[in-house]
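Thanks for coming. I will go through one model today, feature by feature, and take questions at the end.

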Amino acid sequence: GGERPEIRSSVCVPVLAEGDLIGVLNVNSDPTREPFNNDDLREVARLGRSMGAALDRSRQLRRMRGRSFELSVRDEIEALGSTSDDLLSRLRRITGRIVQMLSVDTCGIWLHESEHDSFALRAVSGLSVVSMDAISVPAGTGLVGWVAKNLRPLVLRSQSDDPSDSNAPRLTNVGVPIRFQTELLGVLTVESTAATVMDDERVALIASVASVVGEQIGRSRAYEDSERKVTLLSALSELGVAFAAATERVSLCKLVTFSASTLMESEVSTIRLLREGMTPGGPQLEVYELLASHGATVGNDEPLADLEDRIVMEVARQQRPCTRHDLPTEDIERVLQRSNVAAFLGIPMWSADTLIGVLAVFRVASPNGSRRDYQEHELEIAERLGDYAAAAAHRFVLGGEANDS
């Protein structure tokens, strides 16, 4: 009886593999024949047990093949990312190979641009674009922004206008974060039609590929930072010679501020030295004289002057480098906004145990208000620059030699 009277009787048995339920076997009788009996039940149960072992072996084999395929994909992506070409060329080859190996329509790599807090499309395969540099999205916008904000994959499936049309194209868009260690580097996106089933295993494979891409980008950037640091240290030693050759105090200070702006990729830099005949102590702004600035004029009535004064006093008080995190939090944001500064460094200039000056560098805020703070390796470069400048300035503030002031 029931809703299907054409079925005279049914047998349902569990499909087991090593005691675990992996499915159910259902057998319906022919309505023209006798209903099932206990012998039939035992036979179907035996078939379910034997079927379970076979299905489990097949499932394990499929997992092994999937794992083997994943390893082959990872190996090939690693090989493409390990060539000596520039990073963008390698990323473009990687997206092309992903399209081929995963049988998807398009693949794109969006890299995070911290200065603008956005994501720019730097590599894409499967379609033609006029200029990838012109394609960017703000953080938190769209598929890419959502993945970046939530740090986890997202799958979006489009619905057909006509559900009854099985041939209608159905697009699936997948985005997965690209990370190196704990840093978010970007987002990898894939677009696929219904011809490729985008199940959990395929999404996991894409996430695995993204992890390989993250390793390649992270290692490449680490190598570039290392190379850049070596180059900067070499430039610093040459600057030290140039500083030592300066014959006047003001000309030395102008050279130091210009060098600081260039090396530290900063729009503005200033330098203060001990006034002639004075020693540290008492009001710091009276002790240290502003001798040069590069990139902007630091007048008494300008907002930048207030910030520069605060930096000098903080460096003199703490006897160590100063960043935006060292100033009082209650009004620092207002001061930064008024002076149009995104980040700064105050660098002490030491001669033996005497603080003979303060070098400061400033990065101007970008139009969208995002910040590009100074990194740890930049602080090391800045401190070395301060040491070279202090070694050259020593003779003008403590050596008793003539100067142009």
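**Aromatic pair, salt bridges, pocket and surface**

There is one aromatic pair in this structure. The partners are Phe344 and Phe362, with ring centres 6.5 Å apart and planes at 45°, so the arrangement counts as tilted, the class between under 30 degrees and over 60. Phe344 sits in strand β11, residues 341-351, and Phe362 in strand β12, residues 354-364, so the pair ties together parts that are 18 residues apart in sequence. As for solvent, both Phe344 and Phe362 are buried.

Before I go on, please keep in mind that this is a predicted model.

Next, the charged side chains. Side chains of opposite charge can pair when their charged atoms come close. How many salt bridges does the count come to? The count is 13 salt bridges. I will take three of them.

Arg46 forms a salt bridge with Glu43, and their closest N and O atoms are 2.6 Å apart. Both Arg46 and Glu43 belong to helix α1, residues 38-81, and they are three residues apart, about one turn of the helix. Are these two side chains buried or exposed? Arg46 has a relative accessibility of 40%, so it counts as partly exposed, the class between 20% and 50%. Glu43 is at 42% relative accessibility and therefore also counts as partly exposed.

Now a pair with a longer reach along the chain. Arg272 and Glu308 meet through their side chains in a salt bridge, at 2.6 Å from N to O. This pair links distant parts of the chain, with Arg272 in strand β9 and Glu308 in helix α7, 36 residues apart. Which side of the burial cut-off are Arg272 and Glu308 on, buried or exposed? Arg272 is buried, and Glu308 is buried too.

Asp326 counts as partly exposed because its relative accessibility is 22%. Arg320 counts as partly exposed as well, because its relative accessibility is 35%. There is also a network to mention: Arg272, Glu308 and Asp309 are joined by salt bridges that share partners.

How much space lies in the largest pocket? The largest pocket holds about 1,000 Å³. It is lined by 28 residues, and those closest to its centre are Ser114, Glu183, Arg221, Asp225 and Gln375. Several elements give two or more residues to this lining: α2 (87-102), β3 (106-113), β8 (183-192), α4 (200-245) and α9 (376-397). Which element gives the largest share of the lining? That is α4, with seven residues.

Now the surface. Leu16, Leu21 and Val24 form a nonpolar patch there, and together they have about 290 Å² of accessible area. Leu16 is in strand β1, residues 10-17, and Leu21 is in strand β2, residues 20-28. Leu16 has a relative accessible area of 33%, so it is partly exposed. Leu21, at 58% relative accessibility, counts as exposed because the cut-off for that class is over 50%. One distance for Leu16 as well: its C-alpha is 10.0 Å in space from the C-alpha of Ala45, and the two residues are 29 apart in sequence.

Finally, the backbone. Two residues are worth a look in the viewer. What is the phi of Glu265? It is near 50°, a positive value in a residue other than glycine. Glu265 is placed in the loop between α5 (249-263) and β9 (268-274). With a relative accessible area of 38%, Glu265 is partly exposed.

The second residue is Gln319. Its phi is positive, about 60°, although Gln319 is not a glycine. Where does Gln319 lie? It lies in the loop between α7 (303-318) and α8 (332-339). Gln319 has a relative accessible area of 38%, so it is partly exposed.

That is what I have. Questions, please.

Notes: Residues are numbered from 1 along each chain as its sequence is written. This is a predicted model: local features need pLDDT of at least 70, side-chain atom pairs count only at pLDDT 80 or more; totals for chains, interfaces and linings use all residues. Side-chain values use heavy atoms; hydrogens and water are left out. Patches are made of residues with over 30% relative accessible area and no salt bridge: like charges are joined within 9 Å, nonpolar side chains (Val, Leu, Ile, Met, Phe, Trp, Tyr) within 5 Å. Accessible areas come from the Shrake-Rupley method with a 1.4 Å probe; for residues, only the protein chains shown count as cover. A salt bridge is a side-chain nitrogen of Lys or Arg within 4 Å of a carboxyl oxygen of Asp or Glu. Helices (H or I, at least four residues) and strands (E, at least two) are DSSP runs, numbered from the N terminus. Buried means under 20% relative accessible area, exposed over 50%, partly exposed in between (1.4 Å probe, protein chains only). Rings of Phe, Tyr and Trp (its six-membered ring) pair if their centres lie within 6.5 Å; planes under 30 degrees apart count as stacked, over 60 as edge-to-face and the rest as tilted. On a 1 Å grid over the protein atoms alone, a cavity is a set of points where a 1.4 Å probe fits but cannot get out, and a pocket is an open set with protein on both sides within 12 Å along at least five of seven lines; lining residues have an atom within 4 Å of a point. Grid points are joined across faces, edges and corners, and a volume is the space filled by probe spheres set on the points.
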